[in-house]
Amino acid sequence: MRALSRISLTQRLTLMFVLAASSVLLVLGFVIASSVEQHFEDLDMEVLSGKMELTRQALLRVHTQQGLTEFTHQLAYSLVGHHGMEVMVIDVDDTVIFATGHAGFDPARVMRQAIQAPDQPALWQLDAQTYRGLAARLPTAMADAAGQPLQVFVAVAADIVHHQTYMQSFLQTLWLFVAGAALLTGVLGWVAVHRGLTPLRAMRRQAQGVTAQQLSQRLPVNTIPRELAELAQSLNEMLARLEVAFQRLTDFSSDIAHELRTPVSNLLTQTQVTLSRARSADDYRQILESNAEEFERMARMISDMLLLAKSDHGLVLPQRDGLSLALEVRALFDYFDAVAEEKNVSLRLLGDGSVSADRLMLRRALGNLLSNALRHADPVSTVTVCVSGLEHGVEISVANQGEAIAPEHLARVFDRFFRVDPARQRSSEGTGLGLAITQSIAQAHGGTIRAASNDGVTTFTVYLPRT
């Protein structure tokens, strides 16, 4: 099996063509040989049956022993010119009363054949020759002691050596033809398969050109056979997924470097400045407190990145409990009340519903949405949280009035470290992972999240199944 797996597809198909063609030719040759052999037997039987019938009619005119002697002379005269035709006549006493020159058959065998299988063809071997013969027990016009017709045993045989010679020549020609046809089929099959697999080799060459820098390259679908078009389409879809994943990984790596570079640079610069001269204990305390804030922000970022990595591998498993969404949202309102008051933004809750979810994860997801809404809400506006019960789940929407998000940015708001500001200015209020974490929490619960921004109102809607 291992050796077969190392054979190329071209060789396999060529071998299949050769085996199929050879099998068909062999079966056809067997049918033809059987038909020819049957035809020869029918011809021989026609001749032998005619001679046997002629002998039967002649014996019916034999009334005396002298007539039997005359019958043998007539029989010998009728066989003149019939080369290869042999006749033997045996009486009931196992005495051969007539036999042609080469009819040296065993009388006992002839009599047994006449009794057991009369008028049935049989092959008799005599020296180096083969005969096809008939044996029968025929009555005469004479009567035996019991008054019954006297019977004799008659054997009529024809030499079939010319038939055998023809069949040997035919089979030899057949084998040569099958061998030649198999060879020709192999060559033509290889050419046909090689040409037929040309699109597959073209796909291989194009696939070899796909690298990490050229993931945008796609295989042609409209210029290849239908059987390979589905494969090409599947490969193109795989390349598209790889391109998106690779681009996200590249952006993520770039964003990590960008996000960590600023705090590390700040810490390094601040430390170098601090060490440039002696300072008081209060100065050192202030510097250490400032550094601690940077370390806390970096720790939150690393923790968020670990959570997202676990989510990507399906390792975030919620501990579900029955929760009242109105109670959870009001608890978050109490937490964000000071921030909302500082920005002169009011918080409003509409509706209620219950869901089976992880309390800490749910609060973190809704807290990220509230924090994001308060950060971007216009002063003297309202952030509205609406809970709506559906047939199989609930929807929680968080809406704020403020600057709208452009449509080209709306599709990427859940990307990690994505900020609408193209300069990617670092914000001290977050790590740029809040919406990505919210999306991973929703997906861990079997839900979804979507964003919309129209007419100065930005809305994030989370759908969670009830169980």
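# Rings, sheets and cores

Reader: Hi! Let me start with a residue I clicked on: is Phe 40 buried or exposed?
Author: Phe 40 has a relative accessibility of 13%, so it counts as buried. Buried means under 20% relative accessible area, exposed over 50% and partly exposed in between, using a 1.4 Å probe and protein chains only.

Reader: And what kind of model is this?
Author: This is a predicted model, where local features need pLDDT of at least 70 and side-chain atom pairs count only at pLDDT 80 or more, while totals for chains, interfaces and linings use all residues. Residues are numbered from 1 along each chain as its sequence is written, and side-chain values use heavy atoms, with hydrogens and water left out.

Reader: Nice. How many aromatic pairs does a search of the whole structure find?
Author: The search finds five. Rings of Phe, Tyr and Trp (its six-membered ring) pair if their centres lie within 6.5 Å; planes under 30 degrees apart are stacked, over 60 edge-to-face, and the rest tilted.

Reader: Which kind of pair do Phe 40 and Tyr 166 make?
Author: Their ring planes stand at 80° with centres 5.5 Å apart, so this pair is edge-to-face. Phe 40 sits in helix α2 (residues 9-59) and Tyr 166 in helix α5 (residues 161-196), so the pair ties together parts 126 residues apart in sequence. Helices (H or I, at least four residues) and strands (E, at least two) are DSSP runs, numbered from the N terminus. Tyr 166, at 43% relative accessibility, counts as partly exposed.

Reader: What about Phe 105 and Trp 124?
Author: Those two form a tilted aromatic pair, 5.1 Å centre to centre with 55° between the planes. Phe 105 is in the loop between β2 (96-99) and α4 (107-116), and Trp 124 is in strand β3 (residues 122-126), so the pair ties together parts 19 residues apart in sequence. Both residues are buried. Ring pairs also bring in Tyr 131, linking Phe 105, Trp 124 and Tyr 131 into a cluster.

Reader: Switching to strands, how many residues of β5 are buried?
Author: Eight of the eleven residues in β5 (residues 149-159) are buried. Strand β5 pairs antiparallel with β1 (residues 85-90) over six bridges, and ten bridges join β5 to the antiparallel β4 (residues 129-143). Two strands pair if DSSP finds at least two bridges between them. In β5, Val 156 is the bridge partner of Val 87, and Ala 157 stands opposite Gly 133.

Reader: How many residues are in the largest nonpolar core?
Author: That core has 34 residues, and Leu 370, Val 383, Val 385 and Ile 396 have the most contacts inside it. A nonpolar core is a set of buried Ala, Val, Leu, Ile, Met, Phe, Trp, Tyr and Cys residues joined through side-chain atoms within 4.5 Å. Elements supplying at least two residues each include α9, α10, β9 and β10. Helix α9 gives the most to this core, with seven residues. Another core, of 22 residues, lies apart from it and includes Leu 48 and Val 156.

Reader: Last one: how many helices and strands does the chain come to?
Author: The chain has twelve helices and twelve strands. Its radius of gyration is 52 Å, well over the 23 Å that the globule rule gives for 467 residues, so the chain is more spread out than a compact globule. That radius is taken over C-alpha atoms, and the rule is 2.2 Å times the number of residues to the power 0.38.
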